[in-house]
Amino acid sequence: INEQWHWGADFVISNTSGMPDSGTDNFDGTFGVEGFVPASSSSGNSSTLSGRVIGNDLLIDRDLAIFSLSYNKSPTITGKTMLLNHHVFLKDLWTLDSTLRLYWQNDSFGGTETVISPSLKIGYQVKSNLTLEVEGGIARTNSNPSVLLSSTTSRRYFSMGFRTDF
């Protein structure tokens, strides 16, 4: 659009094929299943349309913000995702990334699911190609299937590690 604002879009179609069963099933009266994996059917065609707007130098010098909307459809599921990322170069070798992901899903049986997932990541550049990263976040999922009981799950996570750029 201009030096400060950019936009992009993607359209993806995918299809995951089915697989025959494999391994040995011990359903002859003896106990156990030995390496048995049941057959799975093909997913059918799934399509995703995504659009994004990217802004530079919005809140402070050298920051980067990405706002993305996606719509995905498969034979059994329709979903929508809103994603907001903000990357900031803090001071010298430090970076801060914040992300908010919102997801809504409906299935063909009348079930719904929503996910709210914020996260925060701090990075410190140890060497020119080595960064120490510490990330934490939560994910809250509300699931309302058409045939089972509704549930709410919360997940908290924390990770620390090194990233190398080569």
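Predicted model: local features only at pLDDT ≥ 70, side-chain atom pairs only at ≥ 80, totals over all residues.
## Salt bridges

Side chains of opposite charge can pair when their charged atoms come close. Here, the structure holds 3 salt bridges. One of them joins Asp10 and Arg52, whose closest N and O atoms are 2.4 Å apart. Asp10 belongs to strand β1 (residues 5-15) and Arg52 to strand β4, so this pair ties together parts that are 42 residues apart in sequence. Both partners are partly exposed: Asp10 has a relative accessible area of 40%, and Arg52 has 22%.

Arg163 forms a salt bridge with Glu133, with 2.2 Å between the closest N and O atoms. This pair links distant parts of the chain, 30 residues apart: Arg163 sits in strand β10 (residues 151-164) and Glu133 in strand β9 (residues 130-144). The side chain of Arg163 also meets that of Asp165 in a salt bridge, at 3.2 Å from N to O.

Arg163 is partly exposed at 34%, and so is Asp165 at 38%.

## Positive phi in a loop

Most residues other than glycine have a negative phi. Asp57 is not a glycine, yet its phi is positive, at about 55°. Arg62, also not a glycine, has a positive phi of about 70°.

Where do they lie? Asp57 is in the loop between β4 (45-56) and β5 (64-73), and Arg62 is likewise in the loop between β4 and β5. Asp57 is partly exposed, with a relative accessible area of 39%, and Arg62 is partly exposed with 48%.

Technical notes
Residues numbered from 1 in each chain as written. Heavy atoms only, no water. Helix = DSSP H or I, 4+ residues; strand = E, 2+ residues; numbered from the N terminus. Buried < 20%, exposed > 50% of the residue type's maximum accessible area, 1.4 Å probe, protein only. Salt bridge = Lys/Arg side-chain N within 4 Å of Asp/Glu carboxyl O.
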